[in-house]
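Biologist: I would like a close look at one part of this model, and then at what surrounds it. Please give one connected answer, with the cut-offs.

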Amino acid sequence: CHRNCLPSTWRGGNADEAAAGLLASVEILKQLTVDYPEKPRYAFELADILSIDTAELRDTTFGKTNWQRLEEAERIARRLNNAFPNQPEYQTLYANALYRLGLILHRNDQPSLAIRHLKESVKHFQELLDRFPNTPAYVASLGQVAGDFGTMLRDDGQLEESRRVL
C-alpha cells in the first residue's frame, strides 16, 4: 500500500511523504523476509523497493542512502537470480539493480565500477532477449543500458569498445 501511494505523492510534489512511504515499505518487507525466508517474493519486492532511484527522492532521507540501498538491492537480486536462474522476473530485477547501481557509481566518480556493473547488466538483458526475443521491454531495456554503457566507455576513453557496444 505504501508503494502504491508513490505516484500520487510525487505528483503532489511531496517527495518527503513518498520517501517516508518507501522507508515504511522497506521496514515491512525486511521483516517479512525474516519471518518468511522461504517466500522469495518478499525478497523480490524488497530488492525492487530498495532499487528505486528517482530525481524526486535524491534530497530526501530515502535518497541520501541510495548507494547503500542499491548495493543491498543488487545483493538480494543476485541471490534470487542465482537461486532461480530460470525465472526471468528475477533476472530482470538483477539486471536493473546492476544498471541503477552502475549509474550511481558513475555519478559518484567510480567509472571502472560503473562500467563493470553496466557490462554485467547488458549481458543479462541480452540473455533475456535471446530467450524471449518478442518481449519489447527487453529490447527497450537493452537499448537503454547499452546506450549508457557505450557512453560511459566513450567518456572513459575506450572508444573502440564504445563503438562496438553502441
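Which is D109, buried or exposed, and at what relative accessibility?

Modeller: D109 counts as exposed because its relative accessibility is 65%; buried means under 20% relative accessible area, exposed over 50%, and partly exposed in between, with a 1.4 Å probe and protein chains only. This is a predicted model, in which local features need pLDDT of at least 70 and side-chain atom pairs count only at pLDDT 80 or more, while totals for chains, interfaces and linings use all residues. Residues are numbered from 1 along each chain as its sequence is written, and side-chain values use heavy atoms, with hydrogens and water left out.

D109 sits in the loop between α6 (88-107) and α7 (111-131). Helices here are DSSP runs of H or I with at least four residues, strands are runs of E with at least two, and both are numbered from the N terminus. The phi of D109 is near 55°, a positive value in a residue other than glycine. Most residues other than glycine have a negative phi.

Two packed helices are described by the angle between their axes and the distance between the axes. The axes of α7 and α8 (residues 136-155) come within 9 Å and cross at roughly 155°. That angle makes α7 roughly antiparallel to α8. Axes are lines fitted to C-alpha atoms, for helices over the stretch in contact, with angles from 0 to 180 degrees between N-to-C directions. Angles under 35 degrees count as roughly parallel, over 145 as roughly antiparallel, 65 to 115 as roughly perpendicular and the rest as oblique. The crossing of α7 past α8 is left-handed, meaning that the near helix is turned anticlockwise from the far one by less than a right angle; clockwise would be right-handed.

On the α7 side, the residues that meet α8 include A114, I115, L118, V122 and F125. Their counterparts in α8 include Y138, L142, V145, F149 and M152. Contact means heavy atoms within 4.5 Å. By class, the α7 contact with α8 has 15 nonpolar, three polar and two charged residues. Ala, Val, Leu, Ile, Met, Phe, Trp, Tyr, Cys and Pro count as nonpolar, Asp, Glu, Lys and Arg as charged, and the others, Gly among them, as polar.

Charged pairs are a separate matter. The count comes to eight salt bridges, a salt bridge being a side-chain nitrogen of Lys or Arg within 4 Å of a carboxyl oxygen of Asp or Glu. One of them joins R154 to D155, with the closest N and O atoms 3.0 Å apart; R154 is partly exposed, at 45% relative accessible area. Another joins R163 to E160, at 2.7 Å between the closest N and O atoms. R163 and E160 both lie in helix α9 (residues 159-165), three residues apart, about one turn of the helix. R163 counts as exposed at 53%, and E160 counts as exposed at 60%.

In helix α5 (residues 66-83), R78 and E74 are four residues apart, about one turn, and form a salt bridge with 3.0 Å between the closest N and O atoms. R78 is partly exposed at 32%, whereas E74 is buried at 8%. A77 also lies in α5 and is buried, with a relative accessible area of 0%. A77 touches A47, Y90, L93, Y94 and A97, not counting residues up to four places away in sequence.
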